[in-house]
Amino acid sequence: MSEQKRQSEDELLEKVTSTEYKYGFTTDIESDTIPKGLSEDVVRIISAKKNEPQWMLDYRLKAYKAWLEMEEPDWANVSYEKPNYQDVIYYSAPKQKPVLDSLDDLDPEMKKTFDKLGISLDEQKKLANVAVDIVMDSVSVATSFKETLAEKGIIFCSISDAIQDHPELVKKYLGTVVPARDNFFSALNSAVFSDGSFCYIPKGVKCPMELSTYFRINEAGTGQFERTLLIADEGSQVSYLEGCTAPMRDENQLHAAVVELIAMDDADIKYSTVQNWYPGNAEGVGGVFNFVTKRGICYKNAKISWTQVETGSAVTWKYPSCILKGDNAIGEFFSVAVTNNRQQADTGTKMIHLGKNTKSTIIAKGISAGKSDGNYRGLVKISKGATNSRNFSQCDSLLMGDKCGSHTFPYIEVKNNSSKVEHEATTSKIGEDQIFYCNQRGIGTEAAIALIVNGYCKDVLNQLPMEFAVEAQKLLEISLEGSVG
Amino acid sequence: MLKINDLKAGIEENQILKGINLEVKAGEVHAIMGPNGSGKSTLSAVIAGNEDYEVEGGSITFNGEDLLELDPEERAHNGVFLSFQYPVEIPGISVSNFIKTSISEKRKAQGLEPLPTKDLLKMMREKMELLSIKQGYLSRNMNEGFSGGEKKRNEIFQMAMLEPRLAILDETDSGLDIDALRIVANGVNKLKSADNATVVITHYQRLLDYIVPDFVHVLYNGRIIKSGGAELAHELEEKGYDWVTKEADKQWA
Ligand SMILES: Nc1ncnc2c1ncn2[C@@H]1O[C@H](COP(=O)(O)OP(=O)(O)OP(=O)(O)O)[C@@H](O)[C@H]1O
Ligand SMILES: [Mg+2]
């Protein structure tokens, strides 16, 4: 334990003293890859490779056709060279044994990757047990966590497995919150998604542990199209963690995930993300394009809480949203979005109030450094029938240096007069006087910035499960290194 | 302990300190007085290493070491403490977390492990008692929404926790009510020892009734124009600065 702790402290020190992206390396794992480009045939091949039922193939083909007619959106306040969608590899599955006897059997390249990420041996063992959908239990050290979940009737598996083993659930819910036609990227994802996670919490069950998934981009030129579907049945509760790191690349990597959450009556979903895709080098070359559609629906008395710490990607386009359909439903969005160097982010949330007495809270903290651009875009929509509804939004931006930018685009629509919407916004800078004050108390400039940034993000970091909060703090520190002074 | 020799410093073209000479020995208490804008805070900032000010000449040594060579945090690690005239807010960071970080960084610089949380909390309780600080204060955010007096008390609390060798108190008395002044002054007195030294910058004799100085200096227009014993402060309180500054104006005209 103490050895492990020391290791992680050393690791932190090392990170603090090196400004290059720490997780920038690639893994040479033999992959089962199909040729570049997108066509109806490619969609069919993907579906066939996964041995999917006809309804799934039909779903994909319909999405593909819709996508062909759609245009890539350009209303976001970001500018980038649009990817050539014919230059992307749409299917690649790492060839790996699904279950290993010991770590010695693990692909040595994969082992090296884990080591570089500083993942402890215990965690590595758990990670190595599952091949594509890398799943681990962040709470108990016991390996029996799948059994524990099964005892409660919880299903937690890859979406591919769910399509095979629980087709009725997938068929019933897939695309109900984010229809394929919702937007350009969701259509693309619906046509070609390769994998992702599926989770079902039965009625009245409180998930006994945090569910967490690690995703990595592993194949050169491979777009990542993850699909996550999480269903919390009536009165159930779940906390889900999602975290990513990506290897360094020279060409831009496309990432277009779709996440759908369904919170039935009285259910409670907490969805936390730490996003650390490769942001590109200081000039912005080679970073990941992250175009994500995340949305949840809340039925009566249900609650969905999105928490995200976004430090990576060259371009981010992401608006985790809540549809508050049932009466008394609650939606929350807590976000820290960091941009540094040439990074661009256009992120925020949408809170759609449909039910009566629905409540939403938005706390968005942007941090811009270097020559980056951070944008908050949020929509609060209170429909006519959503009487006595409430929204509170707070959007803060912190600027480091004078070459970066930040913008806030709040859109508010209230269609009844018993509801109340409050919006607060601030822009601040880290003051030289704050840094000197810390210095005078023996706290060096790097540590002072980390401290001040942590204080600024406190309301959001407090929402994260403990271990994740620590990881998030580390990421904030790394991503802001050398950005002041 | 502290030796300042012909120190000249300023901002851009504007020279604020025009040749300061001052020696402070261990165990001593020095008071610096002087009209507004004479350079008292600038002097304390330069000693603490604020890079806003450019040192144009002269030297500062601290226990024989060239202080001007060190970063502000290194000076702090060596035992230099400045109680700010205008303490700064660090939103979202609790007093306890800030002080913990501060002490850990200092210990790290000395090659020591962080203090166990239990010991740290015990020490905080003791010092809080010494300064009559109310419960609940540790979890407030650093200076955020603090009243003027609370900010000053917070400075002295940090001083008590860090146990510096040289403490410079820049107008710590202004903003304190009568009771708080006495409490803070008593606190400072209790922390005094033969190994450490205190420099108090003040406008009022009142503080010096509690913290009795060995030396009193008058800083005016970037220079120390007069030094004396504790009685000098009384004289200034009575007669104002005119009688000393006029002479200086003539001399430096
Ligand atoms: N950062 C700064 N930028 C510009 N001028 C400055 C700066 N700091 C100090 N000065 C100027 O230097 C002179 C000395 O200021 P300083 O704050 O040291 O005075 P002081 O003796 O502490 O005054 P007070 O008794 O009012 O606290 C003043 O004229 C002030 O305006
Ligand atoms: Mg002053």
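Let me open with chain A, where the side chains of A:E332 and A:K303 meet in a salt bridge at 3.8 Å, N to O. By salt bridge I mean a side-chain nitrogen of Lys or Arg within 4 Å of a carboxyl oxygen of Asp or Glu. This pair links distant parts of the chain, 29 residues apart: A:E332 belongs to strand 16 (residues 330-339) of chain A and A:K303 to strand 13 (residues 303-310) of chain A. Helices (H or I, at least four residues) and strands (E, at least two) are DSSP runs, numbered from the N terminus. Over all chains, the count by this rule comes to 19 salt bridges.

A word on the source. This is a predicted model, in which local features need pLDDT of at least 70 and side-chain atom pairs count only at pLDDT 80 or more, while totals for chains, interfaces and linings use all residues. Residues are numbered from 1 along each chain as its sequence is written, chains are lettered from A and ligands numbered from 1 in the order in which they are written, and side-chain values use heavy atoms, with hydrogens and water left out.

I turn to the interface. The contact (heavy atoms within 4.5 Å) takes 19 residues from chain A and 30 residues from chain B. Together the two chains bury about 2,000 Å², 65% of it on carbon and sulfur atoms; buried area is the accessible area (1.4 Å probe) that two parts lose on being put together, summed over both. Of the area that chain A buries against chain B, A:F436, A:Y437 and A:R441 supply 37%, more than any other three residues.

Which side chains form the salt bridge between the chains? They are those of B:E155 and A:R441, at 2.6 Å, N to O, and the count between chain A and chain B is one. There are also twelve residue pairs in polar contact between chain A and chain B, both residues at pLDDT 80 or more. A polar contact is a pair of N or O atoms within 3.5 Å; within protein, one must be able to donate a hydrogen and the other to accept it, and residues adjacent in sequence count only if both atoms are side-chain atoms. On the side of chain A that touches chain B, helix 11 of chain A gives the most, with eight residues.

Finally, ligand 1. Polar side-chain atoms lie 2.5 Å from a ligand oxygen atom for B:T42, 3.0 Å for B:Q85 and 2.9 Å for B:H203. Helix 1 (residues 40-48) of chain B gives the most to the shell around ligand 1, with three residues.
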